[in-house]
Amino acid sequence: MSPLKRFQPGYDPPARSRDTALLFAVRGMDLLVSEHDGRLDLPRCPALPDAAASAHFLGVLDGTDCYAAPVPGDFTPPEGLKFVPARSLYKQVDEATFAVAGRALSIAEWDLNHRFCGKCGTATQLVPGERARRCPVDHTPFYPRISPAVIVLITRGDEMLLARNASFPEPFFSTVAGFVDPGESLEETVLREVKEEVGVDLKHVTYFGSQPWPFGRSLMVGFMAEYAGGDVTVDGKEIAEARWFGVDELPRIPPRLSIARHLIDTFIDQVKARRPQP
């Protein structure tokens with residue numbers, strides 16, 4: 001097995017040629033790629049010289065410089081290149097490259113949304129040494145938006161409570177999640193979101209881990225929690241269905257790239273470890 005790639009983030013572009021640098025050309029939630037024999041590859045900067053000239057330096061991935069550039073909606077890709085949903089790169093590229101692609105989506109969106117000051121309309125300027133734009137008139141800084149959200153796996157003995165979101169493009173069950181409101185702690189958000197969406201109370205809320213999630217411009221903060229009481233009652237808006245599942249009778253669940261799947265897989269391993277060994 002080849003070693004994992006390592007990424008070193010950066011802000012100021014290095015004073016070296018961009019001829020071999022990777023270019024993450026972003027249009028909304030799509031990325032520009034080439035396809036050869038069913039394999040997706042990211043273009044190098046010379047493939048789009050105009051976009052590369054004003055692209056944002058992301059950092060260095062295994063010795064290769066990486067840049068992100070937003071392109072307009074009516075942009076026509078050069079021959080041999082096409083736009084694909086960024087999610088489709090999962091398992092098509094290594095995990096480190098996929099993570100850089102997510103970073104590129106967020107930075108491209110920030111660049112498009114903050115080219116002008118929201119207070120006075122003046123064109124903003126890039127700030128050396130950090131990921132920021134600043135208004136030269138009133139000095140208001142604009143940073144990439146990160147929206148914190150919690151995601152929690154609710155357990156009861158050897159069962160877990162999974163819910164089906166009404167807006168999922170494909171029908172599958174997952175953990176409960178929601179955005180943090182102003183003035184809330186993460187733990188308070190967990191309790192509120194679970195009560196609102198599936199109607200139950202919790203105890204023993206414990207931190208699990210976190211994951212940047214560019215497809216919602218979020219930082220997902222994961223928790224495990226135990227069922228403390230109440231009947232499962234879905235809100236009928238965000239959640240269409242919620243049920244208890246044993247680890248041997250799981251429905252369709254999220255893909256492995258998500259923290260929701262990491263939560264589920266961790267609990268499955270815990271339950272199986274508790275079982276008597278033959």
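Biologist: In the loop between which strands does His 139 lie?

Modeller: Helices (H or I, at least four residues) and strands (E, at least two) are DSSP runs, numbered from the N terminus. His 139 is found in the loop that joins strand S9 (133-134) to strand S10 (141-142). The model is predicted, so local features need pLDDT of at least 70 and side-chain atom pairs count only at pLDDT 80 or more, while totals for chains, interfaces and linings use all residues. Residues are numbered from 1 along each chain as its sequence is written, and side-chain values use heavy atoms, with hydrogens and water left out.

Biologist: What is the phi of His 139?

Modeller: Most residues other than glycine have a negative phi. His 139 is not a glycine, yet its phi is positive, about 65°. Asp 62 also has a positive phi, near 50°, and lies in the loop between strand S5 (56-61) and strand S6 (64-70).

Biologist: Is His 139 buried or exposed?

Modeller: The classes rest on relative accessible area: buried is under 20%, exposed over 50%, and partly exposed in between (1.4 Å probe, protein chains only). With 53%, His 139 is exposed, whereas Asp 62, at 48%, is partly exposed.

Biologist: Which residues have the most contacts inside the largest nonpolar core?

Modeller: A nonpolar core is a set of buried Ala, Val, Leu, Ile, Met, Phe, Trp, Tyr and Cys residues joined through side-chain atoms within 4.5 Å. The largest has 45 residues, and those with the most contacts inside it are Phe 24, Leu 31, Leu 58, Leu 89, Leu 153, Met 160 and Leu 162. H2 gives the most to this core, 9 residues. Leaving aside residues up to four places away in sequence, Leu 89 touches (heavy atoms within 4.5 Å) Leu 31, Val 33, Leu 40, Phe 98 and Ala 101. Another core, of 18 residues, lies apart from it, with Ala 163, Val 190, Val 200 and Ala 242 among them.

Biologist: How many salt bridges does the structure hold?

Modeller: A salt bridge is a side-chain nitrogen of Lys or Arg within 4 Å of a carboxyl oxygen of Asp or Glu. The structure holds 19 of them. In one, the closest N and O atoms of Lys 5 and Asp 94 are 3.3 Å apart. Lys 5 lies in the segment before strand S1 (7-9) and Asp 94 in the loop between strand S7 (82-85) and H2, so the pair ties together parts that are 89 residues apart in sequence. Lys 5 is partly exposed at 38%, as is Asp 94 at 28%.

Biologist: Is Asp 111 buried or exposed?

Modeller: Asp 111 is buried, at 3% relative accessibility. Its side chain meets that of Arg 115 in a salt bridge (2.7 Å, N to O), and Arg 115 is partly exposed at 35%. Arg 192, buried at 18%, forms a salt bridge with Glu 184 (2.5 Å, N to O). A network of salt bridges links Asp 181, Glu 184, Arg 192, Glu 193 and Glu 196.
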